[in-house]
Structures are given as C-alpha cells and as structure tokens.
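Hello,

Here is the structure I promised to pass on. Please look it over, then read my notes on the helix packing and the domains.

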Amino acid sequence: MTQSKIWLSSPHMGGNEQKFVKEAFDTNWVAPLGPNVNGFEQDLEIFLNDNVHVAALSSGTAAIHLGLILLGVQADDEVLCQSFTFSASANPILYLGATPVFIDSEKDTWNLCPDALEEAIKDRIAKGKKPKAIIGVHLYGMPFKIDEIRAIAQRYEIPILEDSAEALGSSYKGKRCGTFGDLSILSFNGNKIITTSGGGALVSHSLAKKDKAVFLSTQARDNAPHYQHSEIGYNYRMSNICAGIGRGQMEVLEEHVTLRRKMHDFYQAYFADKKGISVFMEPSSDYYSNHWLSSITINPTIAGKTREDLRLFLEQHHIESRPLWKPMHLQPIFANYPYYGTTIAETLFDEGLCLPSGSNLSDADRLRLKITLDDFFNNSISVN
Ligand SMILES: *Cc1c(COP(=O)(O)O)cnc(C)c1O
C-alpha cells in the first residue's frame, strides 16, 4: 500500500464555505460583486481591527499591482523590494515598466535588512533617483522589523507596500500584520493560511484608496450610462463565489493560526537536540507569527547532512518539503537589477527547508513525520 502524501500546506475547509457558495447560487450572485464580496471585506476589516478598508481582489499579485499604481509608480521609477521572497512580490514592478532594486534580509526575521535598505536609498538618491516605494514582506508569517523599517521610510518619505500575503493572523506589538503599510496586501491562494481557491485583497486606511482600487479592478468605468473610460482598467475584482469560500474560511482563521503554531511547536520540540539545525522562531515577544510555514536551517558542517539530503529523503517517503524562497536577485529574470546587501538571503536559500505545516495535519501525520525524521537522523546515509 502506498502511503498518502503529507503536503507542505494544503487547503483546509472549515465547513460553512459551501453554505455561502450555495447562497450565491440560490440568489444568482454569480459575478465579481455581491453580498459575499461585501461580507468578506467586512470580516477582514473587523479581523484586522485597525479602521482599515479592504478591497477583495482576484489575487495577491493583482493587489500588489494595483497597490503600486495607487502609490504612483510609473515606468522607469525605482521600487525597493525584499529579495528573499516569492516572485509575485516583484513581478508587478516589471508590469509597470519600473525597475526593482533588491534588498538583502537580516538574520532575526529573515526579512528586509534596515541597514541594506538605508544604504540602497542613499545610493539611489545619490545616483539621481529617489525610489518610489518599499515592498516589505512578512515571510512565512514572520513580521519584518516594523519599527526600524517604518522609521527609515519616514525619514526618506518613501511609502511602504506591505506584502502580508503569508502573514494573515500574525501581529507585531499586538497589532495585526496587514495594517502597517501605506498600503498592504493579502493573499488567499490555495496554499495560504486561508484560501478562497484563489484571491487577494488590498488594505488601506483610506476609504478613497479602497474605492479607487475597486474602480481600477472593475475596468475603470467612468460614471456614465454607456461604457466610458478615461483611465486604464483591470479585471481584478474577486468573484462572489470565491468570496463565499472566504467568508467560511474567516470563521476558522484563528483556529488555523493555532494549528499552524502547533506544528511549529512540534518541530521546535523535535529539533531541540539536533545539532546544526535551527527552527525559525520569533526573535522576541514583540513578534507573533502565524507560522504559515515552519522552516529550519541546516548547517551542513555541524549536522553532517544538507537540506537537500533531508528534502530528498522526505520525498522518498511521500512527504513534501521545499527549499526556502530563492532570492530574486539570483533569479534569471531579475539578474540585471541592482542589489544591496551581502549573502544572508543566499545562505538561507542554501541551508533552509520548509516542512509540512498545514492546519489539517493530524496526530497520525505528526507521528509519521517523527518516525521518518528519526529514520533520517539515525540511519540514513547522505544521498547527495
Ligand atoms: C502568495 C504570495 C503572493 C501572491 O499572492 P497570489 O494570491 O498567489 O497572487 C505575494 N507575495 C507573497 C510573499 C506570497 O507568498
């Protein structure tokens, strides 16, 4: 008998999603607008708890694209972006014909390094162009150094686009991630902490900005009985069906955070006595991570094994794991853009691995993980 696969992070339904979707069918709101869209936005606004306004969109990537437009980014502008992230953080910079300037991470949160960020800003200004925006990411649910990054952004008067795609349910000093940017974005893709099967949101403290995002996401129709357009529009609004899934998922978001954090506790306990392996943790009690993905780094000279040894071993046992994000400045598509920093992000990529973290993993899954890991550390010889 082949064993079922243990996934890194798979969709986890709460139960009421189908009720909201059925309501949409029953009332024929099968469109990119309707009561579920409004309801989902309201649920998110209440959850984020900071007088924010939310525009539900078709993806997190769409939200970043509109966010950059709302921050005034145009062709040939420069945008500072965390290098250690998923490509969706950076691709919208290229959609606009702007130039990404990549920034290294620091070791505590694995996110934007304040020193490298400030060095980049000074150098870009000295070279004649002040960057238009800073994209900071809360990777794997870990808040970036909010106070330090915001202080720099304020000093140079550059707005922050907060990529909170992985950090719904995380917080910093008691305030939710998704509320710290001049604009912020969320994602509800299938692998995120909650899913709408595919979706995202733009978060703003300004109702006018939200309205503008909705306007742009629905083809930028001017107020006229016929179709009249004086701006470029996009088809980026969330559908009422997807939003119905989202409303059901909001009922279980807190529980998902608890369960993801439980997976993190499991790994912390398991790896406590394993030399050369560290589990990625909050640097202080100011930080509260949803631990969307639990991650470890393996120092091969101490552990005697590489992260690739472990990844391949788990794969043989039908357990999915994945290297940490490959930094953008090392990606072929972004190789020719400026980069500021050293090798922090690169080393994390070389040594890091994300482990199964889903909120739907069971005690039986954890037992199987433990037995497989024991097997790897006690018996296996390096497969590389
Ligand atoms: C998932 C993700 C996105 C993009 O969200 P989509 O909804 O998949 O378009 C952006 N940034 C980060 C860091 C992500 O993990």
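**Helix pairs and domains**

This is a predicted model. I start with helix α11 (residues 307-316) and helix α13 (residues 363-378), whose axes come within 11 Å and cross at roughly 130°. The crossing of α11 past α13 is right-handed. On the α11 side, the contact uses Asp309, Leu310, Phe313 and Leu314. On the α13 side, Thr372, Leu373, Asp375 and Phe376 take part. By class, that contact has five nonpolar residues, one polar and two charged.

α13 has another partner to look at. Helix α9 (residues 253-271) packs against α13 at an angle of about 25°, and the two axes are 12 Å apart. Angles under 35 degrees count as roughly parallel, so α9 is roughly parallel to α13. This crossing is right-handed. From α9, the contact draws on Lys262, Met263, Phe266, Tyr267, Tyr270 and Phe271. From α13 come Asp363, Arg366, Leu369, Lys370, Leu373, Asp374 and Phe377. The class count is eight nonpolar, five charged and no polar residues. Note Leu373 of α13: it is listed in the contact with α9, and also in the contact with α11.

Now a pair from elsewhere in the chain. Helix α5 (residues 114-126) and helix α6 (residues 146-155) have axes that come within 10 Å and cross at roughly 15°. α5 passes α6 in a right-handed crossing. Pro114, Leu117, Glu118 and Ile121 are the α5 residues in the contact. They meet Glu148, Ile149, Ile152 and Arg155 of α6. Sorted by class, the residues are five nonpolar and three charged, with no polar ones.

Last, the domains. Domain 1 covers 17-252 and domain 2 covers 254-378. Their C-alpha centres lie 25 Å apart. How many residues does each domain bring to the contact? Domain 1 gives 49 residues and domain 2 gives 38. About 3,900 Å² is buried between domain 1 and domain 2. Carbon and sulfur atoms account for 65% of that area.

Then turn to the contact between domain 1 and domain 2.

Best wishes

Methods: Residues numbered from 1 in each chain as written. Predicted model: local features only at pLDDT ≥ 70, side-chain atom pairs only at ≥ 80, totals over all residues. Heavy atoms only, no water. Axes fitted to C-alpha atoms, helices over the stretch in contact; angles between N-to-C directions. Helix = DSSP H or I, 4+ residues; strand = E, 2+ residues; numbered from the N terminus. Left-handed = near helix turned anticlockwise from the far one by under 90°. Contact = heavy atoms within 4.5 Å. Nonpolar A, V, L, I, M, F, W, Y, C, P; charged D, E, K, R; others polar. Domains from an automatic or database assignment. Buried area = accessible area lost by both parts, 1.4 Å probe. Parallel < 35°, antiparallel > 145°, perpendicular 65-115°, else oblique.
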